[in-house]
Amino acid sequence: MQTKGLKLTDVLTTVVIAIVFGIVYKVWGPLYYAVKPLGLHIDQLIYGMWFIAATVAYLLIRKPGVALLAEVAAASGEFLVGSEWGLEVLLYGLLQGLFAELVFAAFRYKRFDVAVVSLAAIGSTVASLVLDFYKGYIDQLAWWNLTLLISARFVGAIVISGLFAYSLVKALEKTGVTQLLRPTSKEDYDSLDQ
Amino acid sequence: MRWSMEHKETWLHQTNPTAKLLLFLPMFVVIVFVHNPNVLMNWAVGFTVLFILFSGYRMKHIFLFLLPFLFIFVSTSSSMILFGKGETTWFRWGLIHITEESFYRGVHLGFRALLFAIFGLMFALTTKPVLLFYSLMQQVKLQPKYAYSFLAAIRLLPIMIEEFQTVHQALKVRRAAKASGFRGKLELVKRYAIPLLSQSIRRAQRIAVAMETKGFTNDRKRTFYYEVKLGKYDVYLFVVICMIVAVGYYMADVFPYVAVKDVR
């Protein structure tokens with residue numbers, strides 16, 4: 001029936017998970033500007049949470065297009081529940097999802113380890129920095145301040161959307177739900193042969 | 001999500017959701033390429049007035065909505081004001097270096113954030129999500145599998161919130177609803193996320209299977225429960241936006257508030 005692209009099951013599951021993260025994204029907003037006035041970009045360490053939908057959805061469903069869809073859906077969810085950043089989150093979501101997707105595509109959607117999701121988190125960080133460059137004139141910050149901003153954001157992204165996302169999915173695997181989601185792998189066939 | 005709050009249905013509510021989205025999104029790009037703070041100030045005033053007059057919400061609610069945006073204004077502008085580059089020094093103390101250039105740039109960024117926020121709020125408060133996705137299917141041919149997935153997910157939100165409260169209470173009873181330190185906090189997020197995510201995944205699977213057994217297909221030739229069309233109000237909105245943009249631009253040229261024309 002739906003031969004090309006993602007099946008309804010994949011899309012629905014991705015969107016539902018993403019909306020959960022959309023609410024997290026929304027709650028993250030006040031937290032972000034609560035730590036922001038502390039100065040010196042401590043806020044950037046938690047920025048990485050806004051990339052997590054893409055990596056978690058990809059690790060769970062393991063299909064092309066899922067990361068992009070998840071990040072866009074999470075951004076829409078955040079937007080619809082009334083994000084402080086308004087429409088801008090849709091564009092950020094689109095670009096962050098796209099960059100994460102490109103990382104997964106570069107590995108031909110064959111790797112699902114902590115290194116590849118960390119790379120995807122780095123990809124999303126680059127996307128967010130590109131948009132900030134145009135929107136926030138971040139190149140006009142004093143150089144030490146800009147370096148601090150960029151490195152804090154990268155570190156936060158790797159810790160939250162790379163390492164933490166990976167351990168979250170590992171924990172979800174123990175509940176058994178992931179068996180519902182993933183296409184049958186080679187190991188499954190091998191185990192039948194025995 | 002707040003459409004249940006008491007409000008009047010104004011013409012902004014009658015506009016086509018897709019048209020509204022396609023009118024608002026390019027504004028994002030336009031605003032990013034404006035470097036004159038006078039223009040942004042005029043636009044911010046213009047669109048705030050439009051929002052207050054025609055969103056149909058009570059003044060006290062509008063002020064409550066706008067409150068977090070003041071934080072955004074301050075937090076967005078502050079790091080640029082305090083740490084930005086510039087020539088004409090106003091104040092210097094340790095790492096803090098306020099210059100005329102960085103000050104105006106910071107204020108400019110604040111107004112930019114404010115404008116994005118007004119657009120977002122105006123859209124969210126005058127659009128029903130259900131109609132948005134119906135409209136996207138009809139006006140820009142979004143594939144039904146995406147639109148209906150979003151619709152189903154929006155329906156699931158109240159259940160998720162209830163589930164969150166259940167988990168929260170269960171953890172509280174077991175004195176596991178608090179944690180200290182960065183690691184502890186992440187562990188805590190996990191404690192909440194695992195049950196919520198696994199239940200959501202199971203539910204999504206069941207819904208997808210149910211939809212397909214009841215004959216859901218991704219065929220774009222289908223009938224719609226809600227027919228969403230374009231109308232005269234979309235033209236009104238287009239004209240109003242053009243007017244605010246043009247007048248704001250003209251006024252900034254003729255009666256500038258600040259002498260700075262380009263903050264870069």
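In the predicted model described here, strands S1(B) and S2(B) form a hairpin in which 2 residues lie between them, and Gly94(B), located in the turn, adopts a positive phi of about 60 degrees. The two strands, S1 spanning residues 89-93 of chain B and S2 spanning residues 96-99 of chain B, pair in the antiparallel sense over 4 bridges. Within this pairing, Trp93(B) stands opposite Ile96(B) of S2(B). In a regular strand the side chains alternate between the two faces of the sheet.

Taken along the principal axes, the C-alpha atoms of chain B fill a box of roughly 70 × 55 × 35 Å. Of the 264 residues in chain B, 51% are buried, and the chain exposes about 14100 Å², of which 65% is supplied by carbon and sulfur atoms. Among the contacts in chain B with a separation of 6 or more, 74% are accounted for by residues 24 or more positions apart.

In chain A, helix H2 (residues 52-61) is largely enclosed by the rest of the structure, because 10 of its 10 residues are buried. The buried residues of H2(A) include Ile52(A), Val56(A), Leu59(A), Leu60(A) and Ile61(A), together with Thr55(A) and Tyr58(A). Arg62(A) follows this helix and has a positive phi, near 55 degrees.

Over all chains, the structure holds 8 salt bridges. Side chains of opposite charge can pair when their charged atoms come close. One of these salt bridges joins Lys63(A) to Asp10(A), with the closest N and O atoms 2.7 Å apart. Lys63(A) lies in the loop between H2 and helix H3 (66-80) of chain A, and Asp10(A) lies in helix H1 (residues 8-35) of chain A, so that this pair ties together parts that are 53 residues apart in sequence. Both Lys63(A) and Asp10(A) are buried.

A further salt bridge in chain A is formed by Lys135(A) and Glu88(A), whose closest N and O atoms are 2.7 Å apart. Since Lys135(A) lies in helix H5 of chain A and Glu88(A) in helix H4 (residues 88-106) of chain A, the pair ties together parts that are 47 residues apart in sequence. Lys135(A) is buried, with a relative accessible area of 13%, and Glu88(A) also counts as buried, at 4% relative accessibility.

In chain B, a salt bridge is formed between Glu9(B) and Lys128(B), with the closest N and O atoms 3.7 Å apart. This pair links distant parts of the chain, given that Glu9(B) is in the segment before helix H1 (11-14) of chain B and Lys128(B) is in the loop between helix H5 (100-126) and helix H6 (129-139) of chain B, 119 residues apart. Here Glu9(B) is partly exposed, with a relative accessible area of 46%, and Lys128(B) is likewise partly exposed, with a relative accessible area of 39%.

Residues of both chains contribute to a nonpolar surface patch of about 530 Å², which is made by Val126(A), Val130(A), Phe133(A), Tyr134(A), Val29(B) and Phe33(B). The most is given to this patch by helix H5 (residues 114-135) of chain A, with 4 residues. An α-helix has 3.6 residues a turn, so residues three or four places apart point the same way. On the side of chain B, Val29(B) lies in helix H2 (residues 17-32); because its relative accessibility is 41%, Val29(B) counts as partly exposed.

Key: Residues are numbered from 1 along each chain as its sequence is written. Chains are lettered from A and ligands numbered from 1 in the order in which they are written. This is a predicted model: local features need pLDDT of at least 70, side-chain atom pairs count only at pLDDT 80 or more; totals for chains, interfaces and linings use all residues. Side-chain values use heavy atoms; hydrogens and water are left out. Buried means under 20% relative accessible area, exposed over 50%, partly exposed in between (1.4 Å probe, protein chains only). Patches are made of residues with over 30% relative accessible area and no salt bridge: like charges are joined within 9 Å, nonpolar side chains (Val, Leu, Ile, Met, Phe, Trp, Tyr) within 5 Å. Accessible areas come from the Shrake-Rupley method with a 1.4 Å probe; for residues, only the protein chains shown count as cover. A salt bridge is a side-chain nitrogen of Lys or Arg within 4 Å of a carboxyl oxygen of Asp or Glu. Contact means heavy atoms within 4.5 Å. Two strands pair if DSSP finds at least two bridges between them.
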